[in-house]
Amino acid sequence: MSIISIRNLVVEYDGRRVLDGLNLDIEQGETMVLLGGSGCGKSTLLRHIIGLERPKSGSITIKGTDITRCSLAELDHIRRSIGVAFQSAALFNSLSVEDNVALTLREHTALAPSIIDLVVWMKLAVVGLADFGKLQPQELSGGMKKRAAVARALALDPEILVFDEPSAGLDPIVAADLDELILLLKEAFQMTVIVVTHELPSAFRIADRIAMLSKGLFVTVGTKEQIRSSQSPLVRQFLDRVPDNMAKTPAIADYFKRYLQTQEAFE
Amino acid sequence: MATVLEGIGKKTIAHLDYVGSLNIQLWSTLRAMGSVLPFVGNRYRWKESVRQMLEIGVDALPMVALMAVSTGFILAMQGASELRRFGAMHYVIDLVAVGFTRELGPLLTAIAVSGRSGSAFAAEIGTMEVTEEIDALRVMAFEPVEFVLAPKYLAALIAVPCLSILSNLCGILAGGLFMFFSTRLAPLLYFRYVLDSIVLRDVITGLIKSVAFATIIAHVGCLEGFRVRGGPDAVGRSTTSAVVRSTFLVVVADAVFTAIFYFTGKM
């Protein structure tokens, strides 16, 4: 049974359609990568999956609850089973790393402080930051911040773990480390993982299935092998890194031609 | 003509939208206030409230005191320069005492707190919006109004009236110093005249005003922060806007309250 089911999802901003009737099922325990170029709507889709925004129409059912129509209390209940690692890490700068991880445990559980300390240490140890709990977020490197965000997302042992652009802004080695961490977490905790990215090596390393978005629509949804062998022009363009030839469109070509003529006239 | 009317209509709608947002936010905060109270609420929110009280109140003590002393001297000297001609120097005492308790104490405090804390609220929450911390709160099943705004509001409700009382005392003290040096009026006698010139309702009307000012400063500052979209430049604009709008609204509210107290015979 699907843990997340998206049906006819339509999202519009100021009359501009960003997501155009999406349908997707994400199975329990799988890693689904939402792949696509900049501005294709993948982060918008993610914000709707985690309940930060409500769509114009359509439904998103998580564990049997339609989060687009449920009450705030029901949404909060669902949210406690979702851990989110944001693109910018979004650690609370006024709290230390361990307080960031402990926050949900202190406020959403009745665990004793000593148990919370132990759980926090374990979560930080999982992401390799056991010795850095006392530091403030601003004292961490980019990769460490993302790991701390993962530790915080893991705090309540979520069934669904969501990553927004985990490799963005990281060097290839740190990005690869983060990919291995995602694989390790999935294997160890049997979680459903959703990753939004446009990094192809990362997507093909961690995905069970890939859903590729373009202009608010799914171009294709399938396994890594299906995506690799896809003959869809949009998929091939993305995988083969073929430029849009924006600079060769008549308007831009004309502009450059006129600019060069002006320069020559000055000389 | 149509364009002018269109512009007026757009501005009117924007202002109504702002006032509506302020009211919705105020109502949400009032509903969340139970969680901030000591003993019955969430102890982490109460601790945050106390921390905010120190920032809004204790840290502003020197500035508010200095402003009140300076204004007390100015009021006493300006009053004396005219009243001396009529041999009515003793009315300087009434002018300073009544002027500060009813009007200047709360107003000066509100302007100082608006500049210090209103801008800080907008900058803090605006930065949290930009760095996705507010989104992180929501996906961790925390309500930002309860988590961020309610502690600040409670702190402002307590700190601003306390600062107003301090401001009253400093202003009156400055008047006493002026009277001592200009007319050799004994300090004890000065304070006896002060107590004769003010009545309890003067103090109460001043405190009612300072509670209203605290509400304006906290809510305008926080709303400006929550409305931040974009990057650091938007945070800067929201900070400026928080100070300008809250100072403007404080002065307008002061005029409204003064009129109400005047026409209902409370002055």
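A: Helices (H or I, at least four residues) and strands (E, at least two) here are DSSP runs, numbered from the N terminus, and contact means heavy atoms within 4.5 Å. This is a predicted model, so local features need pLDDT of at least 70 and side-chain atom pairs count only at pLDDT 80 or more, while totals for chains, interfaces and linings use all residues. Residues are numbered from 1 along each chain as its sequence is written, chains are lettered from A and ligands numbered from 1 in the order in which they are written, and side-chain values use heavy atoms, with hydrogens and water left out.

Let's start with helix H2 of chain A, residues 72-79. A:Leu75, A:Asp76, A:Ile78 and A:Arg79 are buried there (under 20% relative accessible area; exposed is over 50%, partly exposed in between, with a 1.4 Å probe and protein chains only). These four cover an arc of only 160 degrees around the axis, so they end up on the same side of H2(A); the arc is taken from the directions from the helix axis to the C-beta atoms. Turned away from that side, the other face carries exposed A:Ala73 and A:His77. And what sits over the buried residues? The cover includes strands E4 (57-62), E5 (65-66) and E6 (82-85) of chain A, plus helix H5 (133-139) of chain B.

Over in chain B, helix H2 (43-56) packs on helix H6 (144-183) at about 45 degrees, with their axes 8 Å apart. Axes are lines fitted to C-alpha atoms, for helices over the stretch in contact, and angles run from 0 to 180 degrees between N-to-C directions. That makes H2(B) and H6(B) oblique to each other (under 35 degrees is roughly parallel, over 145 roughly antiparallel, 65 to 115 roughly perpendicular, the rest oblique). On the H2(B) side, the contact residues include B:Arg45, B:Trp46 and B:Met53, and H6(B) brings B:Glu146, B:Phe147 and B:Leu163, among others.

Two of those names come back at B:Ser35, in the loop between helix H1 (2-32) and H2 of chain B. B:Ser35 is buried, at 18% relative accessible area. Leaving aside neighbours within four places in sequence, B:Ser35 touches B:Gly41, B:Asn42, B:Arg45 and B:Glu146.

As for H1(B), this helix packs with helix H8 (200-226) of chain B at about 110 degrees, axes 10 Å apart, so the two are roughly perpendicular. Among the residues in contact are B:Tyr18, B:Leu22 and B:Leu26 of H1(B), and B:His219, B:Leu223 and B:Phe226 of H8(B).
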